[in-house]
Structures are given as C-alpha cells and as structure tokens.
Amino acid sequence: MKYPKEVVLTNCTEVSIRPLQPEDEGRLRAFYEEVPEIDRWYMRFDVRDPEVIRAWARGGQDVFSIVAECGDRIIAHARLHTHRYGCYHHQGRLRIIVLPDFRQKRLGSWMLLDLIRYAMEKGLREVRADFVVGVEDAAIESARKLDFFKKALLEDFVIGPDGALHDLLIMTKQLHKDWGDF
Ligand SMILES: CC(C)(COP(=O)(O)OP(=O)(O)OC[C@H]1O[C@@H](n2cnc3c(N)ncnc32)[C@H](O)[C@@H]1OP(=O)(O)O)[C@@H](O)C(=O)NCCC(=O)NCCS
C-alpha cells in the first residue's frame, strides 16, 4: 500500500492517512486527550496511560496502526491487532476512533478499508470487531456496510460508567485472497 494516502472527506477537508511512527507518540497522546471520555471508557486499553501510547507508537509485530492527519494534528487512529501463533493467528482484531468533528464524513470507512486490505496482504482469514450495542451503533452500521456479520451477541457483558450492563456484539468479516472477491 502506498502511503501517505491523501483523501478528501465529504465536507471537502483534505486528510492524509499513513502508518503511525514512533515520533508520533506526543501527538497521539494529544489525540486521545481530545477523544470524549465516553468513547475512552469502552476501549480495551487505558489510552491515558503513556505506556499504552508509547507501545502503539513503537509498533511491533502484533499491532499495525494507521493515523489520519489534518494539518499537523492527528484526527483518527485505527489499529489491527494480530497473533503470531495459536488459535487466533488466522484472525485480526480492529479498532477505529475518529474525533467527533470529523465523524460521518467517510473517514472511518477509508481507514477500515485500509486495515482490511492490510489484513488481506498479511494472509489473515478474517477480521473481527467487537461493539457495545446501544453505544457504538454508528460503528456497527459502518461495519455492516463493509460486509461484517454478527458472530455472537454476549448479553449484559460490558459495564457502562453508570453501572448499567450492555450487550457486546462480535462481528467478523471473511477475507479473500484478492480485492476481486471483496
Ligand atoms: C465508528 C466511527 C469510527 C465511524 O467513523 P466515521 O468516520 O464517522 O464513519 P463514516 O463517515 O465512514 O460512516 C460510514 C457509515 O457508518 C454509518 N454511520 C456513521 N456514523 C453514524 C451515526 N452517527 N449514526 C448512524 N450511522 C452512522 C453510516 O451508515 C455511514 O455510511 P454513510 O456515510 O453512507 O451514511 C466513529 O463514529 C467513532 O470514532 N466512534 C466512536 C468510537 C467507536 O465506536 N469505534 C468503533 C469501535 S471499532
């Protein structure tokens, strides 16, 4: 894949998508400071922990990250987590977050497509994403549009900041050998 990739959002804002670099650590930290607290709550990692951000910025064989920039500011971050060995090694796990001002302008879809393509190039058989029902419905909708299907629904599985339980929807997308089958 050729990076940086310039994309124009539906409101004509120009954005550049590229892999995350170790030098981005400070800007990625600033990005997560801007992410609404409610979105941070439902993440699997504490993105306020500098060690978490440092590990992502350094990268490694088990996580591939791309960021979208508008000017000098990171406005979205997407990751694909993989396993080198064992029963999950055929599968990648996706997570995408876009700053609120840049949502509903197709940026999430662009980034999702890039990670799917990367997963295909890596020879993975499927990608997985987990969504909190009633909270991450926009993400469920955008995943459905890209042929993700329900794999399982874990009822009352995750807890909200107010103590209320929510269902967790596991969705997967089967990958094929080339884009022709996409
Ligand atoms: C989910 C998220 C990444 C989507 O990014 P985005 O850039 O807004 O998504 P897009 O503009 O590409 O939207 C793609 C499709 O998703 C659906 N969608 C997006 N936002 C929506 C909303 N608020 N309500 C309903 N549907 C929505 C639409 O079907 C849209 O297609 P359309 O443009 O043809 O109408 C973004 O909303 C976000 O960061 N949310 C908080 C974190 C989160 O839930 N992450 C998902 C975990 S993987």
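A backbone N or O atom of R106 lies 2.7 Å from an oxygen atom of the ligand. That is a polar contact, a pair of N or O atoms within 3.5 Å. The model is predicted, with local features needing pLDDT of at least 70 and side-chain atom pairs pLDDT 80 or more, while totals for chains, interfaces and linings use all residues. Residues are numbered from 1 along each chain as its sequence is written, and side-chain values use heavy atoms, without hydrogens and water.

Q104 also reaches a ligand oxygen, with a backbone N or O atom at 2.6 Å. For S142, a backbone N or O atom lies 3.5 Å from an oxygen atom of the ligand. The protein covers 78% of the 910 Å² of accessible area that the ligand has on its own (Shrake-Rupley method, 1.4 Å probe).

Now the surroundings. The ligand is surrounded by 19 residues, each with a heavy atom within 4 Å of it. V98, Q104, R106, G108 and S109 are the closest. By class, this shell holds 7 nonpolar, 4 polar and 8 charged residues; Asp, Glu, Lys and Arg count as charged, Ala, Val, Leu, Ile, Met, Phe, Trp, Tyr, Cys and Pro as nonpolar, and the others, Gly among them, as polar.

Three elements each supply at least two shell residues: β5 (91–98), α4 (107–121) and α5 (137–145). The largest share, 5 residues, comes from α5. Helices (H or I, at least four residues) and strands (E, at least two) are DSSP runs, numbered from the N terminus.

Definitions and conventions:
A polar contact is a pair of N or O atoms within 3.5 Å; within protein, one must be able to donate a hydrogen and the other to accept it, and residues adjacent in sequence count only if both atoms are side-chain atoms.
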